[in-house]
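Here is a short tour for anyone meeting this structure for the first time. Have a look at the model, then read on.

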Amino acid sequence: MQLPTGFIEKYTRLLGEQAPAFFASFDAPVQKGYRVNPLKENNKPATTPDDGSVTYTEFGHYGQVNGHSIDHASGMVYSQEPSAMFVGEVAHPHPGEIVLDLSAAPGGKTTHLASFMRQEGLLVSNEIFKKRAQVLTENVERFGISNAVVTNESPERLAQQLPGFFDRIVVDAPCSGEGMFRKDPAAMQYWDEDYPAKCAALQRTILAEAVKMLKPDAELIYSTCTFAPEEDEQMIAWLLATYPQLELLPIEKPVGMDDGRPEWADGNPELTKTARLFPHHMNGEGHFVAKMRWHDETATEQKLKPVKTNLTKEQIVLWQDFANDNLLVPMVGTLLTFGDQLYCVPSQMADFGHLSIMRPGLHLGTYKKKRFEPSLALGLALQPSQVKKTVVIDDQQWANYVHGDTVSLATAPVDGNGWYEVVINDNGFGFAKVVGATLKNFYPKGLRFLAATTQNSNDE
Ligand SMILES: C[S@@+](CC[C@H](N)C(=O)[O-])C[C@H]1O[C@@H](n2cnc3c(N)ncnc32)[C@H](O)[C@@H]1O
């Protein structure tokens, strides 16, 4: 790979005798990986190859995900390059916490954080760019996360609305992306000698907002996918100098992972507590991670207004009828409609105020005149053991279903006509209506695709 000359000069100077191995790693094959989804009743992939476990997170595997496979479409796996998995592992939230993923799209860290939270507590996943926030929402839905709110905000506006609100904040910062050069050589076109300093200036503005949202004793996790000291050790040195309330916490590092380099910043030996993942030392593209605690004795925990339900009596009855007929578990949270869409907002969420919300919580469904129609998201979040009626489909029927076709069942289900959770490989795949021995298609039009096994596929 033809690396920029300035990049070669810089890392020759910084890495010394390690530099040739570092540069050689850019010509090695890209290391693909994925995490399995512990929120799903079955998290044993059917077709995704397992080329070994990523030892530093219980969910991580090497191997390539097929975007049109059942494993992927049912949210059982999430494609993520292995070194990025260390960020979620360091963050490691506990069930019940209030967590913010401040720059979350497309959702790698968010889905990992949700894996640890086990649907308990609140995860606010924010993305500043709308199109990316839409992709984030789709990934949150496919992963079956019920306790996430997706916002489309600037860090500044979020900090105005939710000061002192979070137990844990992850800032996976926009960066110069030097760790992406191997995976995406086009990323090199943005790079010049000044680019890391420009990115660092943006990162400082984001972090200055992030700290406003920390509760006393909360943790801040900062990460980048770049090797640039300006955005890594120097950013942590700046944080520690600017905010004496921040304590840098040690990160336990598996074999092959490097300590941060104090000599690349202000020489503070504390910086060895941060972690560097280099592609010539580990299987992965490269990352930097730091973890800090916010000690602010003067701060008092903010009490923010809760979200209030706004359903009409008729809407409550329609939802309850559906829930009584179909669900074996209660939906915990505040029921809220946006237009004719019904959501279950996680209980700990504060009033949305003027925030731009992409997903107020778990999408339960749509009110259509005097009917309620359950959503794909609900059927992806609920496990087959949590619903009363399921219809199990095979691989070919699934291929027809995601293509948008009506599916013929071998026999009519004994529970008769009505809503059923569609089940493939022991996981929920939305809800659909059964009429006789026919499964009507409720897979959203915008998501439909041609799977490899579709009968009318031209591929032989
Ligand atoms: C490294 S990516 C995040 C990757 C994501 N955490 C994941 O694991 O899938 C950085 C994100 O920061 C967003 N971003 C760009 N400018 C920003 C800003 N000024 N404030 C907050 N986020 C920003 C980008 O759109 C991008 O989605």
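## A pair of strands and their sheet

Start with Tyr420: its bridge partner in β21 is Ala432. The two strands involved here are β20, covering residues 418–424, and β21, covering residues 427–435. They run antiparallel, and six bridges join them. As a bit of background, strands in a sheet pair through backbone hydrogen bonds, and they can do so either parallel or antiparallel.

## The whole chain

Keep in mind that this is a predicted model. The chain holds twelve helices and 22 strands. Its C-alpha trace spans about 70 × 60 × 35 Å along the principal axes.

How does the radius of gyration fit with a compact globule? For 460 residues, such a globule would come out near 23 Å, and the chain has 23 Å, so the two agree. Buried residues account for 46% of the 460 residues. Then there are the contacts between residues at least 6 apart in sequence: 71% of them join residues at least 24 apart.

## Around the ligand

Which residues come nearest to the ligand? Out of the 16 residues around it, they are Ser103, Gly108, Lys109, Asp172 and Pro174. Two helices also deserve a mention: α5 (108–117) and α8 (195–210) each supply at least two residues of the shell.

Sorted by class, the shell around the ligand is made up of nine nonpolar, three polar and four charged residues.

## A cysteine flagged in the record

UniProt lists Cys225 under "active site", though the entry is unreviewed. Where does Cys225 sit in the chain? You'll find Cys225 in the loop between β8 (214–224) and α9 (233–242).

Is Cys225 buried or exposed? It has 27 other C-beta atoms within 10 Å, so Cys225 counts as buried, the cut-off being 20 or more. If you leave aside neighbours within four places in sequence, Cys225 is in contact with Ala84, Cys175, Gly177, Gly179, Met180, Glu285, Gly286 and His287.

How values were computed. Residues numbered from 1 in each chain as written. Predicted model: local features only at pLDDT ≥ 70, side-chain atom pairs only at ≥ 80, totals over all residues. Helix = DSSP H or I, 4+ residues; strand = E, 2+ residues; numbered from the N terminus. Rg over C-alpha atoms; globule rule 2.2 N^0.38 Å. Buried ≥ 20, exposed ≤ 12 C-beta atoms within 10 Å, placed from the backbone. Contact = placed C-beta atoms within 7 Å. Near = placed C-beta within 6 Å. Nonpolar A, V, L, I, M, F, W, Y, C, P; charged D, E, K, R; others polar. Pairing = 2+ DSSP bridges. UniProt positions renumbered as here; feature names shortened; annotations may be inferred.
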